[in-house]
Amino acid sequence: YDSLIHEPHGCFEQTSSTLYPLLMLAETRRRTEILKHIESGVKRLFSFEIPSGGFSLFGHVPASLVLSSYGLQEFTDILTVYH
């Protein structure tokens with residue numbers, strides 16, 4: 001498990017690639033360290049939000065439908081940890 005715990009970084013896709021495993025770990029092992037990284041990843045993902053709606057790889061227009069859809073699913077799954 002510990003090898004999967006990393007601070008989310010990079011573009012939207014890289015942040016998600018780190019954040020989703022943390023989310024799955026948090027569901028099985030509610031560890032404070034994991035939750036801290038999840039919170040950091042969520043803040044980072046929101047930094048890629050486009051003011052007119054949606055998300056892009058680096059936070060620049062135009063938004064990507066694929067990343068926006070993936071992000072919405074990811075945010076929905078994150079809510080299972082914080083219910």
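Modeller: A helix here is a DSSP run of H or I with at least four residues, and helices are numbered from the N terminus. By that definition, Glu33 is found in helix H2. The model is predicted. The protein has three helices and zero strands, and the order along the sequence is α-α-α. Of its 83 residues, 36% count as buried. Among contacts between residues at least 6 apart in sequence, 56% join residues at least 24 apart. The protein exposes about 5,000 Å², and carbon and sulfur atoms supply 61% of that area.

The buried residues of H3 are Leu67, Ser68, Gly71, Glu74, Phe75, Ile78 and Val81. Viewed down the axis of H3, these buried residues fall within an arc of 125°, so they line one face of the helix. The face turned away from that buried side carries the exposed residues Leu65, Val66, Leu72 and Leu79.

Ser68 belongs to the buried set of H3. Buried means a relative accessible area under 20%, and Ser68 has 12%, so it counts as buried. Leaving aside neighbours within four places in sequence, Ser68 is in contact with Gly54, Phe55 and Ala63.

A search of the whole structure finds six aromatic pairs. One of them joins Tyr20 and Tyr70 in an edge-to-face arrangement, with 5.5 Å between the centres and 70° between the planes. This pair links distant parts of the chain, since Tyr20 is in helix H1 (residues 12-28), Tyr70 is in helix H3 (residues 65-81), and the two are 50 residues apart.

Phe55 and Phe75 form a tilted pair, at 5.6 Å centre to centre and 50° between the planes. This pair also links distant parts of the chain: Phe55 is in the loop between helix H2 (32-46) and H3, Phe75 is in H3, and 20 residues separate them. Phe55 has a relative accessibility of 6%, so it counts as buried; Phe75 has 15%, so it too counts as buried. Phe55 and Phe75 also belong to one aromatic cluster together with Phe12, Phe46 and Phe48.

Ser56 is found in the loop between H2 and H3, and with a relative accessibility of 4% it counts as buried. Its side chain reaches the backbone nitrogen of His60 at 2.8 Å. Not counting residues up to four places away in sequence, Ser56 touches Phe12, Phe48, Ile50, Pro62, Ala63, Ser64 and Leu67. Phe12 and Phe48 on that list are members of the aromatic cluster, and Leu67 is one of the buried residues of H3.

Thr15 lies in H1, and its relative accessibility is 0%, so it counts as buried. Leaving aside neighbours within four places in sequence, Thr15 is in contact with Pro8, His9, Gly10, Gly41, Arg44, Leu45 and Phe48. Thr15 and Arg44 are 29 residues apart in sequence, and their C-alpha atoms are 7.3 Å apart in space. A polar contact of 3.3 Å joins the side chains of these two residues.

Finally, I return to Glu33 in H2. Its relative accessibility is 37%, so Glu33 counts as partly exposed. Glu33 and Ile5 are 28 residues apart in sequence and 8.4 Å apart in space, C-alpha to C-alpha.

Technical notes
Residues numbered from 1 in each chain as written. Predicted model: local features only at pLDDT ≥ 70, side-chain atom pairs only at ≥ 80, totals over all residues. Heavy atoms only, no water. Phe/Tyr/Trp six-rings, centres within 6.5 Å; stacked < 30°, edge-to-face > 60°. Buried < 20%, exposed > 50% of the residue type's maximum accessible area, 1.4 Å probe, protein only. Arc of directions from axis to C-beta. Polar contact = N/O pair within 3.5 Å; in protein donor to acceptor, adjacent residues only side chain to side chain. Contact = heavy atoms within 4.5 Å. Areas by Shrake-Rupley, 256 points an atom, 1.4 Å probe, with all protein chains shown as cover.
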